[in-house]
Amino acid sequence: MIIAVDGPVAAGKGTLARRLAAHYGLAYLDTGALYRAVGLALLDAGRSADDSAAALAAARALDPARLDDPRLREERVGEAASRVAAMQPVRDALLEFQRDVAARPPGAVLDGRDIATVVCPDAEVKLFVTASAEARARRRHAELTARGETADLDEVLADLQRRDARDQARDAAPLRPAADASLLDTTNLDIEAAFRAALSLTEGAC
Ligand code: CDP
């Protein structure tokens with residue numbers, strides 16, 4: 001059983017995917033954390049996030065057991081992640097790990113940008129989670145503030161729109177809904193309502 005949850009920045013994919021995994025007893029993989037870890041490795045090494053040779057080396061050396069660094073959630077790391085994620089060789093280096101997690105019984109919920117289109121095109125359930133840019137910026141701003149990062153709402157909105165534009169325009173696995181994905185707009189839904197909506201979209205298949 002594989003559930004693919006894709007969507008733009010801060011659409012609420014992670015929260016939904018985690019709750020679906022707990023509900024159905026499936027594993028959960030935040031694939032964005034893989035790209036963030038590659039981005040963070042470059043920042044830590046003082047390299048540019050556009051350094052494709054260093055990015056590929058970092059992707060190949062990635063230890064997926066070490067994705068719990070709280071720094072992965074920093075805004076600058078999200079930006080670096082989106083830069084390295086546009087590089088096809090980096091994506092190729094991370095693909096097998098993602099497919100292995102998905103293939104392990106009883107299955108998994110994976111969230112990201114290209115789960116339904118590239119990583120698991122045969123997923124039983126494909127959700128594309130969206131919300132207005134303003135709603136997403138408010139949520140990300142609240143998250144950052146709660147973690148003690150100082151953040152300006154207008155800057156968060158601008159960062160998010162720039163990152164979405166890059167993710168959508170790239171040649172390598174661009175962000176877009178799969179033809180057979182169910183769209184879930186969470187602009188006016190709280191977490192509980194979004195979870196119930198996601199459950200009703202998955203119920204037939206699970
Ligand atoms: O949590 P947030 O929505 O800010 O982003 P994320 O899911 O942690 O992903 C960070 C970045 O990694 C995205 O902006 C994408 O560029 C990239 N990504 C990707 O290309 N493919 C995925 N399956 C997951 C993330």
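Start by selecting E75, V77, G78, E79, A80, A81, S82 and V84, the buried residues of α4 (buried means under 20% relative accessible area with a 1.4 Å probe, protein chains only). Helices here are DSSP runs of H or I with at least four residues, strands are E runs of at least two, and both are numbered from the N terminus. Eight of the ten residues in α4 (75-84) are buried, so the helix is mostly covered.

This is a predicted model, where local features need pLDDT of at least 70, side-chain atom pairs count only at pLDDT 80 or more, and totals for chains, interfaces and linings use all residues. Residues are numbered from 1 along each chain as its sequence is written, and side-chain values use heavy atoms, leaving out hydrogens and water.

What do the buried residues of α4 pack against? Show α2 (32-44), α3 (52-61), α5 (88-103), α7 (133-146) and α8 (153-169); contact means heavy atoms within 4.5 Å.

Next, colour the open sheet of five strands, ordered β2-β3-β1-β4-β5 with parallel pairing (strands pair if DSSP finds at least two bridges between them). At its edges are β2 (27-30) and β5 (182-185), each pairing on one side only.

Now zoom in on β2 and β3 (108-112), joined in the parallel sense over four bridges. Pick D30 and you will find its bridge partner in β3, D111.

Last stop: R19 lies over the face of F195, 4.1 Å from the ring centre (the rule asks for NZ of Lys or CZ of Arg within 6 Å of the centre and within 35 degrees of the ring normal).

Conventions
Buried < 20%, exposed > 50% of the residue type's maximum accessible area, 1.4 Å probe, protein only.
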